[in-house]
Amino acid sequence: MLYFGAMKGGNGPDVEMAYAYMQNRKYEGLNITLIKQDVTHDHSADQTFKDALPLLFP
């Protein structure tokens, strides 16, 4: 599971909370990654694809 948070006035704090919630659930076999992006929410789409593709297709 991948979480991406736009940290410059975006959804970063909410994403961090959701990530922490899922981590605390301790689902067996579920790998969770948090990527904090140094972008605004409006500019997160391009950065998210750039960050996600190498993780999904190593």
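## Overall picture

The protein exposes about 4400 Å², and carbon and sulfur atoms supply 56% of that; the areas come from the Shrake-Rupley method with a 1.4 Å probe, and for residues only the protein chains shown count as cover. This is a predicted model, where local features need pLDDT of at least 70 and side-chain atom pairs count only at pLDDT 80 or more, while totals for chains, interfaces and linings use all residues. Residues are numbered from 1 along each chain as its sequence is written, and side-chain values use heavy atoms, with hydrogens and water left out.

There are two helices and two strands, in the order β-α-β-α from the N terminus on. Those elements are DSSP runs numbered from the N terminus: helices are H or I with at least four residues, strands are E with at least two. The C-alpha trace spans about 35 × 25 × 10 Å along its principal axes. Of the 58 residues, 24% are buried, where buried means under 20% relative accessible area, exposed means over 50%, and partly exposed is in between (1.4 Å probe, protein chains only). As for how the chain connects up, take the contacts between residues at least 6 apart in sequence: 55% of them join residues at least 24 apart. A contact here means heavy atoms within 4.5 Å.

In soluble globular proteins, nonpolar side chains tend to be buried together. In this model the largest nonpolar core has five residues, namely Tyr3, Val15, Tyr19, Met22 and Ile32. Helix H1 (residues 12-25) gives the largest share of this core, with three residues. The term covers a set of buried Ala, Val, Leu, Ile, Met, Phe, Trp, Tyr and Cys residues joined through side-chain atoms within 4.5 Å.

Ile32 is a handy place to look around from: leaving out residues up to four places away in sequence, Ile32 touches Met1, Tyr3, Tyr19, Met22 and Gln23.

## Two salt bridges

A search of the whole structure turns up two salt bridges, each being a side-chain nitrogen of Lys or Arg within 4 Å of a carboxyl oxygen of Asp or Glu. One is between the side chains of Lys8 and Asp38, at 4.0 Å from N to O. Lys8 sits in the loop between strand E1 (2-6) and H1, and Asp38 in the loop between strand E2 (33-37) and H2, so the pair ties together parts that are 30 residues apart in sequence. Lys8 is partly exposed at 47% relative accessibility, whereas Asp38 is exposed at 59%.

In the other, the side chains of Lys36 and Glu16 meet at 2.9 Å, N to O. That pair also links distant parts of the chain, with Lys36 in strand E2 and Glu16 in helix H1, 20 residues apart. Lys36 counts as exposed at 51% relative accessibility, and Glu16 as partly exposed at 27%.

## Around Gln37, Ser44 and Met7

Gln37 belongs to strand E2 and is buried, with a relative accessible area of 2%. Skipping residues up to four places away in sequence, Gln37 touches Phe4, Gly5, Ala6, Met7, Lys8, Ser44, Gln47, Thr48 and Asp51. Ser44, one of those partners, is in helix H2 and is buried too, at 12% relative accessible area. The Ser44 side chain reaches the backbone oxygen of His41 at 2.9 Å. That is a polar contact, a pair of N or O atoms within 3.5 Å; within protein, one must be able to donate a hydrogen and the other to accept it, and residues adjacent in sequence count only if both atoms are side-chain atoms. Setting aside residues up to four places away in sequence, Ser44 touches Ala6, Gln37 and Val39.

Met7 is in the loop between E1 and H1 and is partly exposed, at 33% relative accessibility. Its contacts, leaving aside neighbours within four places in sequence, are Gly12, Glu16, Lys36, Gln37 and Val39. The C-alpha atoms of Met7 and Ile35 are separated by 9.8 Å, with the two residues 28 apart along the chain.

## A nonpolar patch outside

On the surface, Phe49, Leu53, Leu56 and Phe57 form a nonpolar patch with about 480 Å² of accessible area together. Patches are made of residues with over 30% relative accessible area and no salt bridge; like charges are joined within 9 Å, and nonpolar side chains (Val, Leu, Ile, Met, Phe, Trp, Tyr) within 5 Å. Leu53 is found in helix H2 (residues 44-56) and is partly exposed, with a relative accessible area of 44%.
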